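Dear colleague,

The structure we discussed is below, for you to keep.

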Amino acid sequence: MHADIPGLFDEPTCGHNRQKDSKERKKGCPAPKPGATAGGCAFDGAMITLVPITDAAHVVHGPIACCGNSWDGRGSLSSGPDIYKRGLTTDVGENDVIMGGEQKLYDTILEVAAGQAPAAIFVYSTCVTALIGDDMDAVCRAAAEATGLPVVPVHAAGFVGTKSLGNRLAGEALLEHVIGTQEPPASTPYDINLIGEYNVAGELWPVLEVLDRIGIRVVSKVSGDARFAEIAWAHRSRLTMVVCSKALLGMARKLEQRYGIPWFEGSFYGTRDMSQSIRTMVAMLGDPALAARAEQVIAEEEAALRISLAPYKASLAGRRAVLYTGGVKSWSIVSAMQDLGMEVVATGVKKSTEEDKQRIAQLLGPQARMIEKGSPEELLRITADTGADILVAGGRNQYTALKGRVPFLDINQERHHPYAGYSGMVQLARQLDLAISSPVWQQVRRPAPWERSDRELSDRAPGFVRRPGAPELQQHKDSQQHKDSQGGSGLTSLTASAPGGQSFQGGEDGREVA
């Protein structure tokens, strides 16, 4: 267990945390409650933060279900190694609970080192192995000596707290065991760190291309498409940008305290936020020539973006959206959708800080509708009340939207489309337009067959064409004799009299029969 968990709750750089008294700070943000891990436990949060280090092996010391429930749960992509995609576990069983799992862990680390050839090995504690008291630190030290590889213990058992706390514990593991252990082959005055960026669906890559054109080098990423050595070089950067999670503010603060690296918070979602983040970077790096290049690249990208977005803006202008996500996306995606001419009528704030809520209020105005608890019933009610055209949320809300016959777009880590940066704005606009404009919504919103009038049924019967002056079809229930002849099916038939005394009957598929 991490020795200073109470200290992780007392984050001086968090404005919301500073407003609490000393007693309330120790309870965390939010305070762990029964059932709180339904949105992700500390173990899950630690793996989310560290698993995208692509050339490292990630060993779960616990029952196999812990590995199965967390491995590969986020769509972080790699431009090279794929070791991080391999689910590795000690598969602790009943005998290990009784006798202890230290030897099994040691043997597993040696086997992984020999079979996978990773750059490093991260070892994650779980509820079971933390409860039985396995000395993971000692095992990791012994295994590192035997293999010659860095073996990093991550003390984030699920019962410790929420996913947010797990993010912080992962950051602490990097600060204690990784950052500062290696030196980069070269340094420039324009080296920066990105913290809280996970390269979901590969959305970091086009951002890196833009920064490279300006002359800014991302030397260390925590942790999308990262390499272990890059993380170890983070102490040589000149600036840190916290991209996503408030949970990792402590990591940025400690990098500043230990190595003098200034930091700021920013977002790559939306045209305005992307450009503003670049301008903040170059201003803090303090080079006028770099700032001039940045303005030139921003002007070029925004000009090209206006052309690409024009047809989508025409379609999306005035469309209303309900956004239900958490953290920084609760306000950064609001900004991106407003850039497209859309109106966000409500947004979720369950995982948002007080500062996030203030930003939302500034973006949406005093009438901002903030969703604290997004149950399926509540989301559908708000969508109906506001006349929203689309629900933008995480994958778990997809079927809520589909059952409510509401267009849906997945915005969370399971998605397959990149939305960050300038090119990401085009992709976001395209996916929103495809979701809202799909003809399926007109079809599924029509009354069901049992809700339609007799005339609607006859008019829309497949294969039947009403002739000018043809009589109205009258629906009646078959006689018992007809039912018996049909094997007791009880089907309904449509009959009418035609001019000249002839009659016709509409069959089961609506085609005319004699």
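Phe-122 and Phe-228 are both buried, where buried means under 20% relative accessible area, exposed over 50% and partly exposed in between, with a 1.4 Å probe and protein chains only. This is a predicted model, in which local features need pLDDT of at least 70 and side-chain atom pairs count only at pLDDT 80 or more, while totals for chains, interfaces and linings use all residues. Residues are numbered from 1 along each chain as its sequence is written, and side-chain values use heavy atoms, leaving out hydrogens and water.

Searching the whole structure gives two aromatic pairs. Rings of Phe, Tyr and Trp (its six-membered ring) pair if their centres lie within 6.5 Å; planes under 30 degrees apart are stacked, over 60 edge-to-face, and the rest tilted.

Phe-43 and Tyr-124 have ring centres 6.4 Å apart and planes at 85°, so they are edge-to-face. Phe-43 is in helix α4 (residues 42–50) and Tyr-124 in strand β3 (residues 120–125), 81 residues apart. Helices (H or I, at least four residues) and strands (E, at least two) are DSSP runs, numbered from the N terminus. Phe-43 is buried at 5% relative accessible area, and Tyr-124 is buried at 0%.

For Phe-122 and Phe-228, the ring centres are 6.0 Å apart and the planes at 65°, so this pair is edge-to-face. Phe-122 belongs to strand β3 and Phe-228 to helix α12 (residues 228–232), 106 residues apart.

Finally, Asp-273 lies in helix α14 (residues 271–285). Leaving aside residues up to four places away in sequence, Asp-273 touches Ser-267, Trp-331, Ser-332 and Ser-335, contact being heavy atoms within 4.5 Å.

Regards
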